[in-house]
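Morning, everyone. I have one structure to show you today.

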Amino acid sequence: MDHRTPVRPRAPRAARAALPLLALVLLAPACTGGVEGKPGAAGVRDPYFPKLGNGGYDVTHYALTLDVDPDEQTLRGTAEITARATQDLSSFNLDLAGLTVDSATVEGRPAAVNRAGNELTLRSDAKAEDRLRKGETFRTVVHYSGSPKTITDPDESEEGWLPTDDGALALGEPTGSMAWFPGNNHPSDKATYDLTVTVPKGLTAVSNGVMAGPPVTEKGRTTFRWHTAEPMASYLATLAIGKFETKTSTMAGGITVFTAVDPEVAKASARTVGRVPEVVAWEAEHFGPYPFSATGAIVERDDDSGYALETQNRPVFPGPPDLGTFVHEMAHQWFGDSVTPESWRDMWLNEGLATYAEWLWEEEKNDTPAEESFEDAYEDKDNWAFPPALPPSAAEISDPPVYGRGAMVIHKIREAVDDDEEFFALLRGWTKKYRHRNASTADFTAYVEEETGQDLSDLWKAWLYGRSRPAADG
């Protein structure tokens with residue numbers, strides 16, 4: 001995912017077990033003619049989070065409007081969701097946790113709302129001839145309110161809605177986005193976003209993408225508007241509300257650089273945060289053109305989250321970031337954010353490549369060969385708990401093998417290619433082929449073999465899927 005990188009370089013955290021979902025289901029009455037359809041699946045059968053995501057449709061755009069009271073930690077929200085039906089639909093689900101749905105419509109028609117435990121059912125009054133047909137684009141509007149939940153993982157790390165002393169921080173990997181907006185909460189369904197957030201005057205609301213116009217203050221409250229033009233997985237959406245020192249500039253290529261730093265850590269963060277253009281340019285040289293129209297960083301205080309996360313366009317850091325963690329999270333803009341895993345089993349593609357970006361930085365900037373980093377990772381027994389492509393359960397998808405052994409796989413590919421020019425061309429080709437798309441481990445291994453013209457079955461068997469530690473030179 002990227003998932004989160006606890007501070008430097010993210011000591012991988014245990015991932016979250018599947019959480020009960022509040023399914024939002026729109027059910028049509030039994031029909032005698034027209035499009036009968038069938039319910040969209042209530043989950044996409046992810047190997048680790050089978051109830052996350054939903055079937056039967058593909059979201060293309062979220063327009064979220066939030067009014068937040070940080071003192072009470074409450075919000076009132078409207079989610080306007082544009083989607084395309086991938087089957088004839090009689091019903092479909094959205095993922096939402098903890099909040100109250102006040103009303104909803106589908107294609108402008110009111111839907112009756114019923115709630116039973118964690119499942120919210122909305123009944124549409126659509127006639128049979130007006131039901132959702134395969135290929136049809138439709139719009140759902142959900143009005144909701146309440147106190148967003150903090151979701152606690154098995155390892156006691158937290159995501160979802162995290163209250164802070166001066167506001168709140170919303171983080172989503174892997175399940176937390178459903179704590180603050182309804183959606184198709186799985187990496188396989190990416191969409192563009194517009195987010196309009198109103199907060200008390202004096203506070204700033206920071207999200208993904210670019211600011212769509214200047215903030216507007218009326219009656220003691222300020223509204224911020226953010227636009228994310230490139231597709232984004234829901235777990236990469238973020239919202240940070242609080243007091244921030246913000247800076248906006250433009251780097252080469254017209255990329256907007258926006259940084260927001262808590263004043264208490266601004267001085268300690270300045271040196272690393274100021275290197276955004278340098279790090280992005282260096283990674284673009286190695287991994288291909290930067291895939292988004294904006295970049296930057298959000299730096300909170302040390303105790304606000306406890307881990308770094310590669311939220312799209314501007315990663316979130318828990319206090320002043322060290323340079324290695326910064327390089328790691330920025331590398332995720334290519335590996336994880338643009339090329340997004342097909343399922344949570346493919347996490348190693350995010351973390352192994354981002355970890356290898358750290359090794360490359362050390363090699364080129366600090367004269368520490370990647371081979372030395374490989375040897376250190378090889379000697380770390382924590383990296384051999386399981387194969388990086390086969391975490392035993394959801395609780396391990398962010399454990400050390402996904403990072404360290406994942407990076408070792410990349411280093412072994414580099415050795416097999418045996419030509420750095422060709423190796424970096426391979427990485428650039430990967431990010432080009434799957435730019436703004438989803439990719440699986442099978443996609444990656446097939447791509448590498450096709451591009452190199454080599455049968456790398458032994459490499460995959462030993463380093464990616466093997467249960468035991470192979471010889472270092474194997």
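Start where two helices meet. From α2, the residues involved are Glu-285, His-286 and Phe-287. From α7, they are Phe-424, Leu-427, Arg-428 and Thr-431. Sorted by class, this contact has three nonpolar, two polar and two charged residues. Keep in mind that this is a predicted model.

How are α2 and α7 oriented to each other? Helix α2 covers residues 276-287, and helix α7 covers residues 420-433. They pack at an angle of about 100°, and their axes are 7 Å apart. Angles of 65 to 115 degrees count as roughly perpendicular. So α2 and α7 are roughly perpendicular to each other.

Last stop: Thr-192. This residue sits in strand β15, residues 191-200. What does the side chain of Thr-192 join by a polar contact? The partner is the side chain of His-61, at 2.7 Å. Beyond its neighbours within four places in sequence, Thr-192 also touches Thr-60 and Tyr-62. Its other contacts include Thr-228, Ala-229, Glu-230 and Pro-231. Then there is Met-232. In sequence, Thr-192 and Met-232 are 40 residues apart. In space, they are 6.1 Å apart, C-alpha to C-alpha.

That's my tour. Over to you.

Key:
Residues numbered from 1 in each chain as written. Predicted model: local features only at pLDDT ≥ 70, side-chain atom pairs only at ≥ 80, totals over all residues. Heavy atoms only, no water. Helix = DSSP H or I, 4+ residues; strand = E, 2+ residues; numbered from the N terminus. Contact = heavy atoms within 4.5 Å. Polar contact = N/O pair within 3.5 Å; in protein donor to acceptor, adjacent residues only side chain to side chain. Axes fitted to C-alpha atoms, helices over the stretch in contact; angles between N-to-C directions. Parallel < 35°, antiparallel > 145°, perpendicular 65-115°, else oblique. Nonpolar A, V, L, I, M, F, W, Y, C, P; charged D, E, K, R; others polar.
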